Amino acid sequence: MNSQHSQRFAHLDSIRGIAAIAVLLHHAIFTFRDGNLPWFFEYFDLGKFGVFLFFALSGAVIPFSLRAESIAPVRSFIIGRFFRLYPMYWVSLFLGLLVLHDTPHSTGVVVANITMLQGFLRIPDILGVYWTLQIEWVFYGLCLAFFCWKPKEWLRKLNWISLGFLFGALILAVARFVLEKKLPVALPLALSVMYWGTLCRMAGDKSNWTNVRWVGVVIALVIVPVSLLAYNKDYGFGERWYRYVISYWGALGVFYVWVSRVRWSDRVTVFLGRISYSVYLVHLLVIEVVGRSLFSDWAKVWLVLLLSVMVASVSYYFVELPFLSAGALWVKRFRDFHLKRSESLER
């Protein structure tokens, strides 16, 4: 990635950094201050806010990794995503098994978690944050399917794709309310926001925000009945429908204003954005370790923040970057091989 490209999208890294810290603070505060929370947390969920930002960011970035004019775009995309996600994920899984050794896991659970697809097998996540990665893979699969179907044309139908998943979430919310079963409303809702994020990226490139605004308004409005129907009953995660609505509205508003008007970035938030994947994967383990200390509750929260950033920085430089470079090398070798093969066939 050249410096001009990095500067152009530095504001996206800044949002990513803010999202990661929001999720971290949510988990740390609820772990150490549960039962004695400030009133703010009754109405606003930093974790849901951060995760929603992550989903919109994925939409703004991932589909543009698939370029119809490049050599073997599908295989290059899959190789790149594999090296981006799995090495650090496996490190976090290994550390999780060490840190959480008091919680036994069967061999089947461990093997399923190695695949990152355990949610589809109805097997529990060893770390609670893994569920969002499975949604990411659904998004990747859909992007690949749309790309293989019509490499360029599908991007022109983003508004309808986003709204289609949104109303799928509404249908599941109605079914969840009527049947009183924990149906996966979060999946289509997340996909709707992801494709809205893609729409935001395209609008920024063309300076045309009309579609973004009206689709965003529809999403914001439909989130109300979806949350009211799906999260009116607490399934053990402190569900409050109004907390979902306010948090999701906050994420939609912040993302829209940030990418359409502010586009602000600085060294700190950009760096946090770059290490955000490691922060996201390791912070629960840091919370577990810090929780065994004798510090006061708020001291534990800030210690989790400091240690998570430190551990994530080490992980980024010694795990993520080397494997990202290895992935880029594999993609280059594959493209070179494909190009030479094409040239030999033409002769």
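User: Does Tyr130 count as buried or exposed, and at what relative accessibility?

Analyst: Tyr130 counts as buried, because its relative accessibility is 0%; the word buried stands for under 20% relative accessible area, exposed for over 50%, and partly exposed for what lies in between, using a 1.4 Å probe and protein chains only. Please keep in mind that this is a predicted model, in which local features need pLDDT of at least 70 and side-chain atom pairs count only at pLDDT 80 or more, whereas totals for chains, interfaces and linings use all residues. Residues are numbered from 1 along each chain as its sequence is written, and side-chain values use heavy atoms, with hydrogens and water left out.

User: How do I read an aromatic pair, and how many does a search of the whole structure find?

Analyst: A pair of aromatic rings is described by the distance of the centres and the angle of the planes. Rings of Phe, Tyr and Trp (its six-membered ring) pair if their centres lie within 6.5 Å, and planes under 30 degrees apart count as stacked, over 60 as edge-to-face and the rest as tilted. The search of the whole structure finds 28 such pairs. In one of them, the rings of Tyr86 and Trp90 have centres 5.2 Å apart and planes at 50°, so the pair is tilted. Both residues lie in helix H5 (residues 73-99), four residues apart, about one turn of the helix, yet Tyr86 is buried at 8% relative accessibility, while Trp90 is partly exposed at 35%.

User: What about the rings of Tyr89 and Tyr130?

Analyst: The ring centres of Tyr89 and Tyr130 are 4.5 Å apart with the planes at 50°, so this pair is tilted. The pair links distant parts of the chain, with Tyr89 in helix H5 and Tyr130 in the loop between helix H6 (107-115) and helix H7 (131-149), 41 residues apart. Tyr89 is buried, with a relative accessible area of 0%. Ring pairs also join a cluster, whose members are Phe77, Phe82, Phe83, Tyr86, Tyr89, Trp90, Tyr130, Trp137 and Tyr140.

User: Where does a charged end sit over a ring?

Analyst: A charge sits over a ring if NZ of Lys or CZ of Arg is within 6 Å of the ring centre and within 35 degrees of the ring normal. The charged end of Lys48 sits over the ring of Tyr244, 4.3 Å from its centre, and Arg201 lies over the face of Phe64, at 4.2 Å from the ring centre.

User: How should I read the span of helix H13, and where is its kink centred?

Analyst: The expected span of a helix is 1.5 Å times one less than its number of residues. The 15 residues of H13 (residues 276-290) should span 21 Å, and the end C-alpha atoms are 20 Å apart, which agrees. H13 is mostly covered, with 12 of its 15 residues buried; one of the buried residues is Ser278, at 0% relative accessibility. Leaving aside neighbours within four places in sequence, Ser278 is in contact with Met88, Ala312, Ser315, Tyr316 and Glu320.

Technical notes: Helix = DSSP H or I, 4+ residues; strand = E, 2+ residues; numbered from the N terminus. Contact = heavy atoms within 4.5 Å.
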